[in-house]
Structure formats: structure tokens, C-alpha cells
Amino acid sequence: MSDEANQALARLDQRIADLWEALQASDWDRLADLNRDVRNLVDPVMKALEREQLPLEAVQQRLSELDGFVREADAAAREARDEARDALEQAGQNRKAANAYARVSSRNR
């Protein structure tokens, strides 16, 4: 393994760790920032694999970790979306109830 290949793998490892950390914190802005250049970190690893500078198992492990992250992030994003939708629906119901109360109260005056 070359130093360059090892450094590329280390950068990818760090990004994967950062992605998981941001996901655990539900830091969607940071996730978006971190996600922007993942491809640029994967490409050198794949090139090193093609040049046989990295073992297949090491690369497969990182790709599997990324796949697991994508699945977890997707599930978390769907859950956050559903929670936001429920909160908006509840707010709408509360607004309707407040408006109805206001109408009834104004009639009783």
C-alpha cells in the first residue's frame, strides 16, 4: 500500500466518521456539507484499488459503511420529515381551534 493510497483511505474513514457524527446529532446542515464531496473522497480510493495499492477487502468495508450510512440517513430523514409534517398538521388544527374559539367568543359578547 502506498502512502497516497493510505491517506486517501484515511480521509474517507474520517469523512465516514464525520457523517455518522452529524447524523447522530441530526445536524442536517452539516450532513449536507459533508455529503457534497464524498464522491471526491471515494474516487482516489477506487483508483488506488485499481492500481492494486489497496486491498479489496478494505475498500469493500468502506463502501459497505457508506451504504449503511446512506440507509440510516434516509430513514432518519424520512422520520424527521414525518415529525415535521405531524407538527405542521397539529399547528393547523390548533389554529383552527383558536379561530373557532375566537368566533364563538365574539358572538357571546
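**View 1. Charges across the protein.** The protein carries 17 positive and 22 negative charges, and their mean positions are 13 Å apart. Lys and Arg count as positive here, Asp and Glu as negative. The model is predicted. The protein exposes about 8000 Å². Carbon and sulfur atoms supply 48% of that area.

**View 2. The overall layout.** Read from the N terminus, the order is α-α-α-α. The radius of gyration is 24 Å, well over the 13 Å that the globule rule gives for 109 residues, so the protein is more spread out than a compact globule. Along the principal axes, the C-alpha atoms fill a box of roughly 85 × 20 × 15 Å.

View 3. Take the contacts with a separation of 6 or more: residues 24 or more positions apart account for 65% of them. A contact means heavy atoms within 4.5 Å. Of the 109 residues in the protein, 25% are buried. Buried means under 20% relative accessible area.

**View 4. Helix α1.** This helix covers residues 3-24, which makes 22 residues. How far apart should its ends be? At 1.5 Å a residue, α1 should span 32 Å. Its end C-alpha atoms are 31 Å apart, which agrees. Which residues of α1 are buried? They are Ala5, Ala8, Leu9, Leu12, Arg15, Ile16, Asp18, Leu19, Ala22 and Leu23. The list includes the charged residues Arg15 and Asp18.

**View 5. Ser26, after helix α1.** Ser26 follows α1. It lies in the loop between α1 and α2, and α2 takes in residues 28-35. Most residues other than glycine have a negative phi. Is Ser26 buried, partly exposed or exposed? Ser26 is partly exposed, because its relative accessible area of 44% falls between the 20% and 50% cut-offs.

**View 6. Glu52, between helices α3 and α4.** Where does Glu52 lie? Glu52 sits in the loop between α3 (38-50) and α4 (56-107). Its phi is positive, about 60°, although Glu52 is not a glycine. Is Glu52 buried or exposed? Glu52 is exposed: its relative accessible area is 73%, and exposed means over 50%.

Terms used
Residues are numbered from 1 along each chain as its sequence is written. This is a predicted model: local features need pLDDT of at least 70, side-chain atom pairs count only at pLDDT 80 or more; totals for chains, interfaces and linings use all residues. Side-chain values use heavy atoms; hydrogens and water are left out. Helices (H or I, at least four residues) and strands (E, at least two) are DSSP runs, numbered from the N terminus. The radius of gyration is taken over C-alpha atoms; the globule rule is 2.2 Å times the number of residues to the power 0.38. Buried means under 20% relative accessible area, exposed over 50%, partly exposed in between (1.4 Å probe, protein chains only). Accessible areas come from the Shrake-Rupley method with a 1.4 Å probe; for residues, only the protein chains shown count as cover. The place of a charge is taken as NZ of Lys, CZ of Arg, CG of Asp or CD of Glu. The expected span of a helix is 1.5 Å times one less than its number of residues.
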